Amino acid sequence: ISSPRRISGQYQSLVPTRVADGRANPKTTFWRGFKNVEISDDFMKKDGNGNYIGGTELAPMSTTSDLTVAAKYSRSDKSLLFKLDMSSFMQY
């Protein structure tokens, strides 16, 4: 696995500064807003270990660190907001 410091070119801007210079990366929260979406009962079921089964997005999912932006995208009669807590740059 290459060091984050070796990432360059157009992808350099995607790497948080604290990762690129080797310092610890703080917890970061990202948001995703969906409009006209309902969660099915299956989505909220738990497996044998007590973890939610959930679901998956079929394509790359855009997110924002600004809750206000996500809320604008989800504005509808059936709004849904996902909160994604990332504690490591390896989760980005």
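**View 1. Strand S1 sits inside the structure.** Of the 7 residues of S1, 6 are buried, so this strand is largely enclosed by the rest of the structure. The model shown here is a predicted one. S1 pairs with S2 in the antiparallel sense, and the pairing runs over 7 bridges. To find one of these bridges, look for Phe 30, whose partner in S2 is Leu 84.

**View 2. The whole chain, for orientation.** Among the contacts with a separation of 6 or more, 67% are between residues 24 or more positions apart.

**View 3. Thr 64, a buried loop residue.** Thr 64 belongs to the loop between S1 and H2. Is Thr 64 buried or exposed? Its relative accessibility is 18%, so Thr 64 counts as buried. A polar atom of the Thr 64 side chain lies 3.0 Å from the backbone nitrogen of Asp 66. Setting aside neighbours within four places in sequence, Thr 64 is in contact with Thr 29, Phe 30 and Trp 31, and also with Val 69 and Ala 70. Phe 30 is the residue that has Leu 84 as its bridge partner in S2.

**View 4. Lys 27 and the residues it meets.** Lys 27 is found in the loop between H1 and S1. With a relative accessibility of 58%, Lys 27 counts as exposed. Which residues does Lys 27 contact, leaving aside its neighbours within four places in sequence? They are Asp 85, Met 86 and Ser 87. For Ser 87, the C-alpha atom is 4.3 Å from that of Lys 27, although the two residues are 60 apart in sequence.

**View 5. A salt bridge between Lys 27 and Asp 85.** How many salt bridges does a search of the whole structure find? The search finds 3. In the one formed by Lys 27 and Asp 85, the closest N and O atoms are 4.0 Å apart. Lys 27 lies in the loop between helix H1 (17-20) and S1, while Asp 85 is in strand S2 (residues 80-86), so the pair ties together parts that are 58 residues apart in sequence.

**View 6. A salt bridge from loop to loop.** Here the side chains of Glu 38 and Lys 78 meet in a salt bridge, at 2.8 Å from N to O. Glu 38 comes from the loop between S1 and H2 and Lys 78 from the loop between H2 and S2, so this pair ties together parts that are 40 residues apart in sequence. Glu 38 counts as exposed, at 57% relative accessibility. Lys 78, in turn, is partly exposed, with a relative accessible area of 40%.

**View 7. A salt bridge between Asp 42 and Lys 45.** The side chains of Asp 42 and Lys 45 also meet in a salt bridge, with an N to O distance of 3.0 Å. Asp 42 is partly exposed, and its relative accessible area is 47%. Lys 45 is partly exposed as well, at 44%.

**View 8. A nonpolar patch on the surface.** Three residues make up this patch: Ile 39, Met 44 and Tyr 52, which together have about 310 Å² of accessible area. Ile 39 lies in the loop between strand S1 (28-34) and helix H2 (67-74). Its relative accessibility is 39%, so Ile 39 counts as partly exposed.

**View 9. The backbone at Asn 36.** Asn 36 is another residue to look for in the loop between S1 and H2. Its phi is positive, about 55 degrees, although Asn 36 is not a glycine. As a general rule, most residues other than glycine have a negative phi. Asn 36 counts as exposed, at 54% relative accessibility.

Terms used: Residues are numbered from 1 along each chain as its sequence is written. This is a predicted model: local features need pLDDT of at least 70, side-chain atom pairs count only at pLDDT 80 or more; totals for chains, interfaces and linings use all residues. Side-chain values use heavy atoms; hydrogens and water are left out. Patches are made of residues with over 30% relative accessible area and no salt bridge: like charges are joined within 9 Å, nonpolar side chains (Val, Leu, Ile, Met, Phe, Trp, Tyr) within 5 Å. Accessible areas come from the Shrake-Rupley method with a 1.4 Å probe; for residues, only the protein chains shown count as cover. Helices (H or I, at least four residues) and strands (E, at least two) are DSSP runs, numbered from the N terminus. Buried means under 20% relative accessible area, exposed over 50%, partly exposed in between (1.4 Å probe, protein chains only). Contact means heavy atoms within 4.5 Å. A polar contact is a pair of N or O atoms within 3.5 Å; within protein, one must be able to donate a hydrogen and the other to accept it, and residues adjacent in sequence count only if both atoms are side-chain atoms. Two strands pair if DSSP finds at least two bridges between them.
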